[in-house]
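Subject: Structure handed over, with notes

Hello,

Here is the structure you will be working with. Please open it beside this message and read the two together.

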Amino acid sequence: MSDVKIKITDREGVLHEVDAPTDMNMNLMEVVRSYELAPEGTIGICGGMAMCASCQCYVKSEHELPEKSDDEEAMLAEAFFVEDNSRLGCQIHITPDLEGLEVELAPEEG
Amino acid sequence: MIKTDILIIGAGPTGLFTVFEAGLLQLKCHLIDALPQPGGQCAEIYPKKPIYDIPGFPEVLAGQLVDNLMEQIKPFQPGFTLGERADTIDKLEDGTFVVTTNKGTKHNAPVVAIAGGLGSFEPRKPQLENLSRFEDKGIAYIIKEPEIYREKKVLIAGGGDSALDWSIFLADVASEVTLVHRRNEFRGALDSVEKVQQLKNQGKINLITPAEVVALQGKEKLEKVIVRKTDNPDEIDLEVDNFIPLFGLSPKLGPISEWGLEIEKNAIKVDNTLDYQTNIPGIYAIGDINTYPGKLKLILCGFHEATLMCQSAYQRIFPDKKYVMKYTTVGGVTGFDGSKKEAPKAVVKSIE
C-alpha cells in the first residue's frame, strides 16, 4: 500500500479527504497543489524551499512530525497567522506514518 | 524615452536569455526589473542553492547561472532599468508600446516581453489595523535615506539580516532604536547577531523578544506603537517617530494584472501553439509568469519560450524580411559591440 489518507481543510473551510502517495517523493504542499485545493499561485510560491509561508498549515491531529529545520523555524518566525501547531507543508514529506493526518491550510497572506 | 526593439519586463534567467536569442536576430533589448540587480529569484532568493536540471549543467548554483547568462548576453549590450517596477503600458498610434515605471522612466518598443516570474517583489506587510494610514507618515518598509531617522525614535520589527543590519546602523543615527522580534533567535550573519548583542548590552539597542507589534496609534502621523510579549499579556506602549517592519519580500503580480491581459491561475494566458503571445498582439509572456495547458515553471522551459518568442517578434518588427534560423555553430555570434565568436575554420591542406 503506497497511499495514505490525509484530511485537508482548505482556506474556505471545506474538508477534503485525499489519497497521498508515499512513493513519489512528495510533500504536503505538493499534495495540496496536485488536488488543486488552493488556487495555483497562492501556494508553494517559492517552490518548496521554506522561503515563503504560502503553504503554512495547522496540524490538527496528534501525529509525530519530523522536527522543524532551521530554515522552517526562521520562516515561521516571520510568517503571519502563526500558531503553535503551524508547519510549512513543503517541509512535511509524505510517509506511511502520516496515515490519518489532519491539517488545515492557513489563510493567504494579504 | 528609452527606445529598444524588445522591452523585457523581468531580468530573471528567462528575460536574460531573451537578450541572447534576440541578439542573434540583430534585435536590441532593454530590461526592467523591480529588484536592484539582475537575476530575479535566482539572485534575490536562492543564489547559493544548486539547480540540477539546466541541460548541460549537472549542477550549477543559481547565482552562477545568472553570472553565466550575463556573460553570454554581454556582446548584445542590453540596457537595464533596475530598482523600478513596470507600472503602466500604453499603445501608441504607430502600434508601439510605452511602458512607464513607478519612478516615471519611459520605455518605447514595438514588442514587449513579460518575463516577470512570480511578479515584482514587494515588502511583506504585517497584518495591522491602520497600517496603510501611517504609511509614509512614520511607517516605511524600505530604508532609502537613513538620515531622515537622525535623532528620531525608531522601532524595527523582524528577525532577519535586514532587521539586524539596520538596527546596528541606526543605533548611531537615531536617538532610540528598539528591535522587536517574535523569537529570541535571529537569523543572520554571525557578525550582525553578535554586534546587536553588544549594542544591547551597551544599552544602545532596546531589544524586545519574543514579542510582536499589535497596534498602531497616532493622529496625523504615527505616535505610538503597542507591543506585546509572547509570554506576557501586558501591553507595552512605546512612543516612536518611526516604525520599520522588515519582514522580507514577497512576489505580487502587481500592476501587470491591470494591463488588460487575460489572467488565469495568477498567470498570463498565452498561445503555446505558436509564439507565447498574449491576447494583446505585440505583448508576449514567457517563463514562470505565463500559463497554458501543460505549463511547467522551469527555467529550461523559459529558455525555450524565449527562443520561439524572439522569432515571432522578429517577424512582427520586420514583416517583409525573409529569415531562417541559423545555428550558432554555423553563423557564430556577432555582438553589437563588434565582438565576434565563431567556430575555428577547418584547414584544407594535403598530407604528403
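The notes below cover chain B.

This is a predicted model, in which local features need pLDDT of at least 70 and side-chain atom pairs count only at pLDDT 80 or more, while totals for chains, interfaces and linings use all residues. Residues are numbered from 1 along each chain as its sequence is written, and chains are lettered from A and ligands numbered from 1 in the order in which they are written.

Overall picture

Chain B holds seven helices and 25 strands. Both are DSSP runs numbered from the N terminus, helices being H or I with at least four residues and strands E with at least two. The C-alpha trace of chain B spans about 90 × 60 × 40 Å along its principal axes. Of the 352 residues in chain B, 37% are buried (20 or more other C-beta atoms within 10 Å of the residue's own; exposed means 12 or fewer, partly exposed in between, with C-beta atoms placed from the backbone).

Contact with chain A

In chain B, 19 residues are in contact with 15 residues of chain A (C-beta atoms, placed from the backbone, within 7 Å). On the side of chain B that touches chain A, seven residues are nonpolar, seven polar and five charged. Here Ala, Val, Leu, Ile, Met, Phe, Trp, Tyr, Cys and Pro count as nonpolar, Asp, Glu, Lys and Arg as charged, and the others, Gly among them, as polar.

One sheet

Strands E15, E16 and E17 of chain B form an open sheet in that order, with antiparallel pairing (strands pair if DSSP finds at least two bridges between them). Its edge strands are E15 (211-218) and E17 (235-239) of chain B, each pairing on one side only. Strand E16 (residues 222-229) of chain B pairs with E17(B) over five bridges. B:Val225 has B:Leu238 in E17(B) as its bridge partner.

Backbone points

Most residues other than glycine have a negative phi, and most peptide bonds are trans. The peptide bond from B:Thr209 to B:Pro210 is cis, with omega near -20 degrees. B:Pro210 sits in the loop between strand E14 (205-208) and E15 of chain B.

B:Glu151 has a positive phi, near 60 degrees. B:Glu151 lies in the loop between strands E11 (120-123) and E12 (153-157) of chain B, and counts as exposed because 9 other C-beta atoms lie within 10 Å.

For B:Asn266, phi is also positive, near 60 degrees. B:Asn266 is in the loop between strands E20 (263-264) and E21 (267-269) of chain B. B:Asn266 has 18 C-beta neighbours inside 10 Å, so it counts as partly exposed.

Regards

Conventions: Contact = placed C-beta atoms within 7 Å.
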